[in-house]
Amino acid sequence: MASWTEAGQDPALFWHLTLREIKIVMTGAARRIEREVMQSEVNAWLGARLVMIGYHKPKKFPKFSAVSSVKTKRREQSWKQQKALVEALNAAFGGKVIRK
């Protein structure tokens, strides 16, 4: 319950939800908080980068991935997913799908 209210949720709503619904809400709240942390870190990094440009060695400024506390992983797409995406984009722009 403490985590529920800490995530900014209504305490009265807690008792009306199933465990599955609570998990969905808490997962969403965790993602929102992670996104906000990432956004504030990016803003701080960009501000520091702008200040650094005026000094002597702007090329030695560390990459954002080296200073970020939130580590993002890229999801690898299979070739089937990539093919489906290209076909969808092709169809969206009026292209023809030719199958051999």
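**Core, pairings and surface of the predicted model**

Phenylalanine 14 is placed in helix 2 (residues 11-14). Helices here are DSSP runs of H or I with at least four residues, numbered from the N terminus. The model is predicted: local features need pLDDT of at least 70, side-chain atom pairs count only at pLDDT 80 or more, and totals for chains, interfaces and linings use all residues. Residues are numbered from 1 along each chain as its sequence is written, and side-chain values use heavy atoms, with hydrogens and water left out.

Phenylalanine 14 counts as buried, at 17% relative accessibility. Buried means under 20% relative accessible area, exposed means over 50%, and partly exposed lies in between (1.4 Å probe, protein chains only). Beyond its neighbours within four places in sequence, phenylalanine 14 is in contact with Met1, Trp4 and Ile22. Contact means heavy atoms within 4.5 Å. Lysine 71 is 57 residues from phenylalanine 14 in sequence and 31 Å away in space, C-alpha to C-alpha.

The structure holds 1 aromatic pair. Phenylalanine 14 and tryptophan 15 form this pair edge-to-face, 4.9 Å centre to centre and with 90° between the planes. Rings of Phe, Tyr and Trp (its six-membered ring) pair if their centres lie within 6.5 Å; planes under 30 degrees apart count as stacked, over 60 as edge-to-face and the rest as tilted. Phenylalanine 14 is buried, whereas tryptophan 15 is exposed at 64% relative accessibility.

The largest nonpolar core has 5 residues: Met38, Trp45, Phe61, Phe64 and Val70. Such a core is a set of buried Ala, Val, Leu, Ile, Met, Phe, Trp, Tyr and Cys residues joined through side-chain atoms within 4.5 Å. Not counting residues up to four places away in sequence, phenylalanine 64 touches Met38, Glu41, Val42 and Trp45.

Side chains of opposite charge can pair when their charged atoms come close. The structure holds 1 salt bridge, defined as a side-chain nitrogen of Lys or Arg within 4 Å of a carboxyl oxygen of Asp or Glu. Arginine 32 forms it with glutamate 36, and the closest N and O atoms are 3.5 Å apart. The two residues are 4 apart in helix 3 (residues 19-53), so about one helical turn separates them. Arginine 32 is partly exposed, at 30% relative accessible area. Glutamate 36 is also partly exposed, at 42%.

Phenylalanine 93 lies in the segment after helix 5 (79-92). Phenylalanine 93 is exposed, with a relative accessible area of 72%.
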